[in-house]
Amino acid sequence: MASLSLSSAHFSSSRSSVSTSSLSPSSPSLPLLRSPIRHRHRSLRRLTSFSVVPHRTSHSLSTCNSQIRCSVAEPLKVMISGAPASGKGTQCELIVQKFGLVHISTGDLLRAEVSSGTDIGKRAKEFMNSGSLVPDEIVIAMVAGRLSREDAKERGWLLDGFPRSFAQAQSLEKLNVKPDIFLLLEVPDEILIERCVGRRLDPVTGKIYHIKNYPPESDEIKERLVQRPDDTEEKVKARLQIYKENSEAIISAYSDVMVKIDANRPKEAVFEETQTLLSQILLKRMIKTVMLIMKQVLADKASPVQDKWRGIPTKLNNIPHSRDIRAYFYEDVLQATIRSIKDGNSRLRVDINIPELNPEMDVYRIGTLMELVRALALSFTDDGKRVKVCVQGSMGEGALAGMPLQLAGTRKILEYMDWGDDETLGTFVKLGAIGGKEVDEEDDMFILVAPQNAVGNCIIDDLQAMTNAAGKRPVILINPRLKDLPASSGIMQTMGREQRLEYALTFDNCYVFRLLYYLGTQYPIMGALRMAYPYRYELYKRVTEENGKEKYVVISTYSERPTPEQINHAFSGKSREQSKKSSGFWGFLSSVLS
């Protein structure tokens, strides 16, 4: 078989997907949403018998579709803070017992590191022996190391009394350590002082008593009880003052997830409230996951080609495209975009690459792209939306000022196009550039025409500023090209590459259409890749019938965008096992196209 060329395709090799045609229903690793319907129903019943213990819940969701992030299986991440004698230790014990979280206390970590003689422990011991506070960088390193262990990742964690300062909170933020909830135990100062001053320690057993609230069991124990040196009223007040200063500093860091709890109650009443709060987080995750699964189940029950869709039009290499072909794709893109926005998606990406929309072909027509943009904009204005159509402005300065060649003249074309009623352009449709300053309060949504990086300049910064300003309002990218292009020094000169790629992935594909050709040619067409939200990616093979007519036949479907290697394997007829290892020319082709 001749080799494949993916027409101007830009596939992400960082994501993996599996063709449903290569899976066996009896496979033990078969994902939930690709198994027979009766298996799905049984899994859904398991979901409804929800347990608040995270590591148990994750087992019941171990068969989730790889495309759905099983958020209910994500373990809890909890921070708890409270003044001395607020009952924090008791609540930590109850939380760990009920939810199975890994209890992380910096004091315990320090002692463990020192006793184990680790490098961090040795450094910490030097400061402890000199009577100095252990520096934040050492404590943060300890906490980060503990959070990275498998048990904390699988079971979730409970950070006890940490962070204690705004600097520590910022350090955790940089490490992407964010809690689901920050519990703040509150007790009046006079009660805290009474609790501390009345505490007594049994030096024999190490047990803590209180002369009023929790007296010893016998006179013998009472006689040997001692008061800890730091439980005097003077020292307790000093500790409370330090705690207040620290807690006030970190409240702003976690105000969005902080819940204050009245801890001047019996421990059972305090834990009942705590348990309810944590259970609600898990319950919300479960409901969200069930809804996603049910949505995917309904999508899977539909045919690979959705109802009322008439299939891929033929003679796509006939240039210019007929009005019917252009209208077909405009409608296909529009319906997928509408469905995605109705489902609450606000960062959308349309990749449509027919010959007239492929800037790498000599038949590329900017007018066809503008017609697509107009069809989208006018459809949304029919619903009373105010749409801003944005074209990339000049990039660079001096001799480097300019815009990508493929966009030359775009703004003027949009101005001269027929927008229907005289009031439409300027009232419901406005033209602008890509950037945060272009976002106005009256704008309901934004359509961005082919944003792309130019040599030496990166559109990502302006694009990110615009999406930040847009907030939850839909931003639709039409045929973006956000891959790296080198500057004079050979590298992009703005955000780091990792950050740029991460930002580009925040846009969800709502429509993808790519023609597939034989390598090194633009004819004949071998097949096509299509995805229209919320349906799966569908791989088609172009077939010539006996009467000379052509048609497109589905040969495989994917839950996520397939890689060039997977597409090559589907066309070459390789099984899933064979496709695990590419060799020869197919292996070379896959590496070139990835």
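Begin by selecting Arg199, Arg228, Asp230, Asp231 and Arg239, which are linked in a network of salt bridges (a salt bridge being a side-chain nitrogen of Lys or Arg within 4 Å of a carboxyl oxygen of Asp or Glu). The model is predicted, so local features need pLDDT of at least 70 and side-chain atom pairs count only at pLDDT 80 or more, whereas totals for chains, interfaces and linings use all residues. Residues are numbered from 1 along each chain as its sequence is written, and side-chain values use heavy atoms, with hydrogens and water left out.

Asp231 is buried, with a relative accessible area of 1%, while Arg239 is partly exposed at 23% (buried means under 20% relative accessible area, exposed over 50%, and partly exposed in between, with a 1.4 Å probe and protein chains only).

Next, select Arg530 and Asp332, whose side chains form a salt bridge at 3.1 Å, N to O. Arg530 lies in strand β15 (residues 525-532) and Asp332 in helix α13 (residues 323-342), so the pair ties together parts that are 198 residues apart in sequence (helices, H or I of at least four residues, and strands, E of at least two, are DSSP runs numbered from the N terminus). Arg530 is buried at 0% relative accessibility, and Asp332 is buried at 7%.

Then move to Asp351 and Arg349, a salt bridge in which the closest N and O atoms are 2.9 Å apart; both residues are buried. Over the whole structure, a search finds 28 salt bridges.

Now centre on His210, which lies in strand β7 (residues 208-210) and is buried, with a relative accessible area of 8%. Its side chain reaches the backbone oxygen of Glu194 at 3.1 Å, and a polar atom of that His210 side chain lies 3.0 Å from the backbone nitrogen of Asn213. Leaving aside residues up to four places away in sequence, His210 touches Glu194, Arg195, Gly198, Arg199 and Pro215 (contact means heavy atoms within 4.5 Å).

Finally, select helix α4 (residues 106-116) and helix α5 (residues 119-129), whose axes come within 7 Å and cross at roughly 110° (axes are lines fitted to C-alpha atoms, for helices over the stretch in contact, and angles run from 0 to 180 degrees between N-to-C directions). The two helices α4 and α5 are therefore roughly perpendicular to each other, a description covering angles of 65 to 115 degrees. To see their contact, show Leu110, Glu113 and Val114 in α4, which meet Ile120, Gly121, Ala124, Lys125 and Met128 in α5.

How values were computed
Parallel < 35°, antiparallel > 145°, perpendicular 65-115°, else oblique. Polar contact = N/O pair within 3.5 Å; in protein donor to acceptor, adjacent residues only side chain to side chain.
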